[in-house]
Amino acid sequence: MAKQKKARKLTPFTKILCLVLIIFSGFLIYSSMKEVMTTLQLRKDVALAQAELEKVKDENQYLVSKKEKLLDPDYVESYARSNYMFSKDGETIFYLPENQGK
């Protein structure tokens, strides 16, 4: 006579416990994935902020150098004469037409 294996029947308590564990596992997986997505978004935001910071630092450096140049009276005089057609006393400024197509 061969021994027959008895089929185990799941009790209602065991079924409920399995269901609760599956739901709890799903909640943990969902929470973990949400945290991963938040972390990835924050890293992206940090990278964008660092790029913007570098851009602002470069602009600041340019403006500081321009400020230093504008503190030099010789540079200011040269700049005003070339861009705004200022003249020294006794100088006459002649406007020449630009060569078009030549």
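Q: Where is the place of L17?
A: This is a predicted model, and in it L17 sits in helix α1.

Q: Is L17 buried, partly exposed or exposed?
A: L17 counts as partly exposed, because its relative accessibility is 41% and that class covers values between 20% and 50%.

Q: OK, overall picture now. How many helices and strands does the protein have?
A: The protein has 2 helices and 0 strands.

Q: And is it compact or spread out?
A: The protein is more spread out than a compact globule, because its radius of gyration is 39 Å, well over the 13 Å that the globule rule gives for 102 residues.

Q: What box do the C-alpha atoms fill?
A: Taken along the principal axes, the box is roughly 130 × 40 × 25 Å.

Q: What share of the residues count as buried?
A: Of the 102 residues, 1% count as buried.

Q: Which residues make the nonpolar surface patch?
A: The patch is made by F24, F27, L28 and Y30. Its area is about 450 Å².

Q: Take F24. Where does it lie?
A: F24 lies in helix α1, which runs over residues 12–70.

Q: Why is F24 called partly exposed?
A: F24 is put in that class because its relative accessible area is 48%, and exposed would need over 50%.

Q: Now F27. How far is it from Y79?
A: F27 and Y79 are 68 Å apart in space, C-alpha to C-alpha. In sequence they are 52 residues apart.

Q: Which helix holds Y79?
A: Y79 is in helix α2, made of residues 73–84.

Q: Buried or partly exposed, that Y79?
A: Y79 counts as partly exposed, at 31% relative accessibility.

Q: What about V46, which helix is its place?
A: V46 is in helix α1. V46 is also partly exposed, with a relative accessible area of 46%.

Q: And how far is V46 from M33?
A: Their C-alpha atoms are separated by 20 Å, and V46 and M33 are 13 residues apart along the chain.

Q: Last topic, charges. How many positive and negative ones are there?
A: The protein has 17 positive and 13 negative charges. The mean positions of the two groups are 34 Å apart.

Key. Residues are numbered from 1 along each chain as its sequence is written. This is a predicted model: local features need pLDDT of at least 70, side-chain atom pairs count only at pLDDT 80 or more; totals for chains, interfaces and linings use all residues. Side-chain values use heavy atoms; hydrogens and water are left out. Patches are made of residues with over 30% relative accessible area and no salt bridge: like charges are joined within 9 Å, nonpolar side chains (Val, Leu, Ile, Met, Phe, Trp, Tyr) within 5 Å. Accessible areas come from the Shrake-Rupley method with a 1.4 Å probe; for residues, only the protein chains shown count as cover. A salt bridge is a side-chain nitrogen of Lys or Arg within 4 Å of a carboxyl oxygen of Asp or Glu. Helices (H or I, at least four residues) and strands (E, at least two) are DSSP runs, numbered from the N terminus. Buried means under 20% relative accessible area, exposed over 50%, partly exposed in between (1.4 Å probe, protein chains only). The radius of gyration is taken over C-alpha atoms; the globule rule is 2.2 Å times the number of residues to the power 0.38. Lys and Arg count as positive and Asp and Glu as negative; His and the chain ends are not counted. The place of a charge is taken as NZ of Lys, CZ of Arg, CG of Asp or CD of Glu.
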